[in-house]
Amino acid sequence: MTTAMPITSVFYKRWAETYEELAAAAEHARRLGLRMYMGPSYQSGMRVVKANGEIEVVWNEAEGRAGLERAVQFVKDFDGAHNGLIRGMLAPERIETQTVENLVVTKRYSDELGCPVRLHAAQGSYEYMEIHRRHGKSPIQFLAEVGFLGKRTAIPHAHFIPGYSEATIGEGDDLAILQETGTTVIHCPLVIGRHGSALESFARYKRRGINIAIGTDTFPPDFIQNIRTASMLSRLQERDVADSAYADIFRAATLGGARFLGRDDLGRLAPGAQADIIAIDLDGFHMGAVDDPIRTLIMCGSGRDVKLSIIAGRTVMKDRVLPGVDLAEIKERGQRYFDKMRLGYVERDYQQLGEQELFAPSFRVVSKPQ
């Protein structure tokens, strides 16, 4: 990746991302030479699992308002930093943990600051049914009603819509709404495929004129794996190859993302574009005989076959080596952090802790937005 828009889970955090976390990430990006669109996440509610297995949202609207203001300040402080490598974005957490007020104000700030906004929505059964319970319509229809959608808005994953095979209620044409508003769908096929779901289908969304970008939303953040998975899942849904070719998904992974960001200088090699170049090794035996290079790469390769990355004219990785980065040390530290994080889940287990102990005073329910 030459341009990244990161995301982390908030399930193991106190509430959401902090200003300091993202400021540190911006410094790492500067050192590495990676172009980033970033901003701290925020939410007005936190999803919890009750002892009987049911999910509910515990609300603290003050946290949501404060988080939004921190995110806006981050955009003001960092947009255009480090010679333009760092750009700001607004990243409200998943739709079911947002109040109507925060969504409306988020969109207003996006327009005022000219920055993109990303919101996970239409991605699962609980969220879909919960938005229907609160508002009597699908997540996409609700977002359209409050004016949240538009050319600066991207929705990962946007596959849970009326008529979807797992949706038991709902009417209307959500794809028409996405197309008419110019909203981008960020398709993350690998992570939703791991959960037994799929977009129905990439080819269908493409034919409806919706701008599609490709995301990862999981580890490894390997675009080649995701292009391959997106193509296979779409072909299975369509029972056809048309509009699900590797080239179709490749364009979404490059031009689709650039179109969402409003950047004609990204996602392409052309006069006036950024000098973003990657070189891919097709010589490995696992590549087999080389046919069309894109088809060969997607059929047989992975992100590990990229051996050179140039971002904005700066060589940031050569011969699979990142200057000044010890990947073995990072992996070992990451394992220690993961082990600590996993123990943290035990401390927050609803079945082991009483409600009074689990929710400190600052996290008690202050309202239940309808």
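Colleague: Let's start with Tyr 128: buried or exposed?

Modeller: Bear in mind that this is a predicted model. The cut-off for buried is under 20% relative accessible area. Tyr 128 has a relative accessible area of 1%, so this residue is buried.

Colleague: Which ring does Tyr 128 pair with, and is the pair stacked, edge-to-face or tilted?

Modeller: The partner is Phe 160, with the ring centres 5.2 Å apart. Planes under 30 degrees apart would be stacked and over 60 edge-to-face. The planes of Tyr 128 and Phe 160 are at 45 degrees, so the pair is tilted.

Colleague: How many residues apart are Tyr 128 and Phe 160?

Modeller: Tyr 128 is in helix H4 (residues 125-135), while Phe 160 is in the loop between strand E9 (153-155) and helix H6 (174-181). Phe 160 is buried too, with a relative accessible area of 2%. The pair links distant parts of the chain, and the separation is 32 residues.

Colleague: Why do Phe 74 and Phe 78 count as stacked?

Modeller: Both are buried, and both lie in helix H2 (residues 61-78), four residues apart, about one turn of the helix. In an α-helix, residues three or four places apart point the same way. The ring centres of Phe 74 and Phe 78 are 4.4 Å apart with the planes at 15 degrees, so the pair is stacked.

Colleague: Which residue joins Phe 74 and Phe 78 in a cluster?

Modeller: The cluster is held together by ring pairs. Besides Phe 74 and Phe 78, its member is Tyr 19.

Colleague: What is the angle class for H2 and H3: parallel or perpendicular?

Modeller: Their axes are 11 Å apart and pack at about 10 degrees. Angles under 35 degrees count as roughly parallel. Contacts come from residues including Leu 68, Val 72 and Val 75 of H2 and Val 105, Thr 106 and Tyr 109 of H3. At about 10 degrees, H2 is roughly parallel to H3.

Colleague: Which charged end sits over the ring of Tyr 109?

Modeller: A charge counts as over a ring with CZ of Arg within 6 Å of the ring centre and within 35 degrees of the ring normal. Here the charged end is 5.3 Å from the centre of the Tyr 109 ring, and the residue is Arg 108.

Colleague: And Lys 107, buried or exposed?

Modeller: Lys 107 lies in helix H3 (residues 100-113). Leaving out residues up to four places away in sequence, Lys 107 touches Gly 147, Phe 148, Leu 149 and Thr 153. The relative accessibility is 13%, so Lys 107 counts as buried.

Colleague: Which residue has its charged end over the ring of Tyr 246?

Modeller: Look at the contact between H9 and H10, where Arg 235 of H9 and Tyr 246 of H10 are both among the residues involved. The charged end is 5.1 Å from the ring centre of Tyr 246, and the residue is Arg 235.

Colleague: How does H9 lie relative to H11: parallel or perpendicular?

Modeller: The axes of H9 and helix H11 (residues 293-300) come within 8 Å and cross at roughly 95 degrees. Ile 224, Ile 227 and Arg 228 in H9 meet Leu 297, Ile 298, Met 299 and Cys 300 in H11. With the axes crossing at roughly 95 degrees, H9 is roughly perpendicular to H11.

Key:
Residues are numbered from 1 along each chain as its sequence is written. This is a predicted model: local features need pLDDT of at least 70, side-chain atom pairs count only at pLDDT 80 or more; totals for chains, interfaces and linings use all residues. Side-chain values use heavy atoms; hydrogens and water are left out. Rings of Phe, Tyr and Trp (its six-membered ring) pair if their centres lie within 6.5 Å; planes under 30 degrees apart count as stacked, over 60 as edge-to-face and the rest as tilted. Helices (H or I, at least four residues) and strands (E, at least two) are DSSP runs, numbered from the N terminus. Buried means under 20% relative accessible area, exposed over 50%, partly exposed in between (1.4 Å probe, protein chains only). Contact means heavy atoms within 4.5 Å. Axes are lines fitted to C-alpha atoms, for helices over the stretch in contact, and angles run from 0 to 180 degrees between N-to-C directions. Angles under 35 degrees count as roughly parallel, over 145 as roughly antiparallel, 65 to 115 as roughly perpendicular and the rest as oblique.
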